[in-house]
Amino acid sequence: MNLSDFAARCGWPPKESIVRARLEVLEMLVTCNRCKGTGIFERNPLDKTCYGCAGRKLKLPPLTARLAATVRERQDRGDLSGYYQRLRELRSAQEEGFAKSLENLVPEMVVYAGARKA
Ligand SMILES: [Zn+2]
């Protein structure tokens, strides 16, 4: 199914960055098969960044109804509650003006960057 339908089944906004961030927290992204998870594709003549995953090593899994059902279950169990809490904290920091430099970033992507370090 397409990303919008998948997001709707998960109860999420239909944005790729958001779906990707949440699936990453749930450890449901899959290794890019083009670069075997290195992010580098040597045969790419211009730069060696893998264009299968844009150098990110992981990519979205096939977006199936079954995956959406699993996401719903895990969400109901609270597997994303820490992530949602960080999102709320970030948003309130922005509202209070403590995070001016973050204003031009999509909040989900800031959390996504933090999730990668954890
Ligand atoms: Zn790749």
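**The packing of α1 and α3**

Modeller: In this predicted model, helix α1, residues 3-10, packs against helix α3, residues 65-76, at an angle of about 30°, and their axes are 9 Å apart. Angles under 35 degrees count as roughly parallel, and α1 and α3 are therefore roughly parallel to each other. The crossing of α1 past α3 is right-handed.

On the α1 side, the contact is made by Phe6, Arg9 and Cys10; on the α3 side, by Ala65, Ala68, Val71 and Arg72. By class, the residues of this contact divide into 5 nonpolar, no polar and 2 charged.

Some of these residues also belong to the largest nonpolar core of the chain. This core has 12 residues in all: Phe6, Ala7, Cys10, Trp12, Ile18, Val19, Ala21, Leu23, Val25, Leu63, Val71 and Tyr83. Helices α1 and α2 each supply at least two residues of the core, α2 being residues 16-25. The most comes from α2, with 5 residues.

Not counting residues up to four places away in sequence, Val71 touches Cys10 and Leu26. Leu26 lies in the loop between α2 and β1. With 16 other C-beta atoms within 10 Å, Leu26 is partly exposed, since a residue is buried at 20 or more such atoms and exposed at 12 or fewer. Leaving aside neighbours within four places in sequence, the contacts of Leu26 are Val71, Arg74, Asp79 and Leu80. Of these, Asp79 is 53 residues from Leu26 in sequence, while the C-alpha atoms of the two are 7.1 Å apart in space.

Glu27 is found in the loop between α2 and β1 as well. Although Glu27 is not a glycine, its phi is positive, at about 55°. Glu27 has 9 other C-beta atoms within 10 Å and is therefore exposed.

The loop between β1 and β2 holds another residue with positive phi, Lys57, which is not a glycine and has a phi near 75°. Lys57 is partly exposed, as 17 other C-beta atoms lie within 10 Å.

Phe41 also has its place in the loop between β1, residues 30-31, and β2, residues 58-59. Phe41 has 18 other C-beta atoms within 10 Å, so it is partly exposed. Beyond residues up to four places away in sequence, Phe41 touches Arg34, Cys35, Lys48, Cys50 and Tyr51. Gly52 is 11 residues from Phe41 along the chain, and the C-alpha atoms of these two residues are separated by 8.9 Å.

As for the chain as a whole, it has 5 helices and 2 strands, and the order from the N terminus on is α-α-β-β-α-α-α. Of its 118 residues, 17% count as buried. Among contacts in the chain with a separation of 6 or more, 48% are between residues 24 or more positions apart.

To return to the part you asked about: α1 and α3 are roughly parallel, and Phe6, Cys10 and Val71 are among the residues that meet there.

Key: Residues are numbered from 1 along each chain as its sequence is written. This is a predicted model: local features need pLDDT of at least 70, side-chain atom pairs count only at pLDDT 80 or more; totals for chains, interfaces and linings use all residues. Axes are lines fitted to C-alpha atoms, for helices over the stretch in contact, and angles run from 0 to 180 degrees between N-to-C directions. Helices (H or I, at least four residues) and strands (E, at least two) are DSSP runs, numbered from the N terminus. Angles under 35 degrees count as roughly parallel, over 145 as roughly antiparallel, 65 to 115 as roughly perpendicular and the rest as oblique. A crossing is left-handed if the near helix is turned anticlockwise from the far one by less than a right angle, and right-handed if clockwise. Two residues are in contact if their C-beta atoms, placed from the backbone, lie within 7 Å. Ala, Val, Leu, Ile, Met, Phe, Trp, Tyr, Cys and Pro count as nonpolar, Asp, Glu, Lys and Arg as charged, and the others, Gly among them, as polar. A nonpolar core is a set of buried Ala, Val, Leu, Ile, Met, Phe, Trp, Tyr and Cys residues joined through C-beta atoms within 7 Å.
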